[in-house]
Amino acid sequence: KGRLGKGRGERLDMFRKFGGDEVRDKSKIKSSQQRGIRSSILEQFPKLEPYMEQIMPKKAEVQVAKCEGKISVVMVDDEPLFYNVRDGPYYPTLRLVHKYPFMMPTMRVDKGAIKFVLSGANIMCPGLTHAHVVEELKAKPVPANTPVVILAEGKETALAIGHTQMSSEEIISVNKNIGVNVVHHLNDALWKCPKLTG
């Protein structure tokens, strides 16, 4: 499978721009393709299995939009739900994560990192190892190269989706460089586009 974010300094904030102008092709997909996408999503996010019929009903119109930067966005009735780059892992939209917050691993940043995350900056290790949040990182280990939900200190609503560059253990022991690449955050262009019509 393709991987996203191999480069340690690569900026992955995918949705600085998103909307009709960035979509090269948008098409309804066949039921066999829908099954393949559903299967890949459930393989990555097995906790969604009881809810998959609500998220992607078998009789709904499922579309894939091909966008700039080789991004593919999976939509149901024009609502973006998941996206990936080339053949890389799927990521959920924040709107979906807010409905199903248990669907994937979480990491928490300290208050000082929030404004940087909301500007699309990658998360440096010290933002995850501050005394106020490090115990949670130790208690909920996450491997390297894993899609994660980013929470803020003192909050339970996700503010970003990221992709770990290091494991939790490495983030704590190295405590420098990029720990998580941010791929989608509150108030980016994807967040501001709850429906992709046209």
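**View 1. The lining of the largest cavity by residue class.** The residues that line the largest cavity of this predicted model divide into six nonpolar, two polar and two charged, where Ala, Val, Leu, Ile, Met, Phe, Trp, Tyr, Cys and Pro count as nonpolar, Asp, Glu, Lys and Arg as charged, and the others, Gly among them, as polar. The lining is formed by Glu79, Pro80, Thr93, Leu94, Arg95, His184, Leu190, Trp191, Cys193 and Pro194, and the elements that give two or more residues to it are β4 (79–85) and α3 (94–99). Here a cavity is a set of points, on a 1 Å grid over the protein atoms alone, where a 1.4 Å probe fits but cannot get out, and lining residues have an atom within 4 Å of a point. The volume of the largest cavity is about 60 Å³, taken as the space filled by probe spheres set on the points, with grid points joined across faces, edges and corners.

**View 2. His184 and its polar partners.** His184, one of the residues lining the largest cavity, belongs to strand β10 (residues 178–185); strands (E, at least two residues) and helices (H or I, at least four) are DSSP runs, numbered from the N terminus. With a relative accessible area of 1%, His184 is buried, a term for values under 20% found with a 1.4 Å probe on protein chains only. The side chain of His184 reaches the backbone nitrogen of Leu94 at 3.1 Å, and a polar contact of 2.8 Å joins it to the side chain of Asp188. A polar contact is a pair of N or O atoms within 3.5 Å, of which, within protein, one must be able to donate a hydrogen and the other to accept it, while residues adjacent in sequence count only if both atoms are side-chain atoms.

**View 3. The second largest cavity.** This cavity, with a volume of about 40 Å³, is lined by Thr106, Met107, Arg108, Leu128, Val133, Glu136, Leu137 and Lys140. Both β6 (106–109) and α5 (134–139) give two or more residues to the lining, and β6 gives the most, with three residues. By class, the lining divides into four nonpolar, one polar and three charged residues.

**Notes to all views.** Residues are numbered from 1 along each chain as its sequence is written, and side-chain values use heavy atoms, with hydrogens and water left out. Because the model is predicted, local features need pLDDT of at least 70 and side-chain atom pairs count only at pLDDT 80 or more, whereas totals for chains, interfaces and linings use all residues.

Conventions:
Buried < 20%, exposed > 50% of the residue type's maximum accessible area, 1.4 Å probe, protein only. 1 Å grid on protein atoms, 1.4 Å probe; cavity = no way out; pocket = protein on both sides within 12 Å on 5 of 7 lines; lining within 4 Å.
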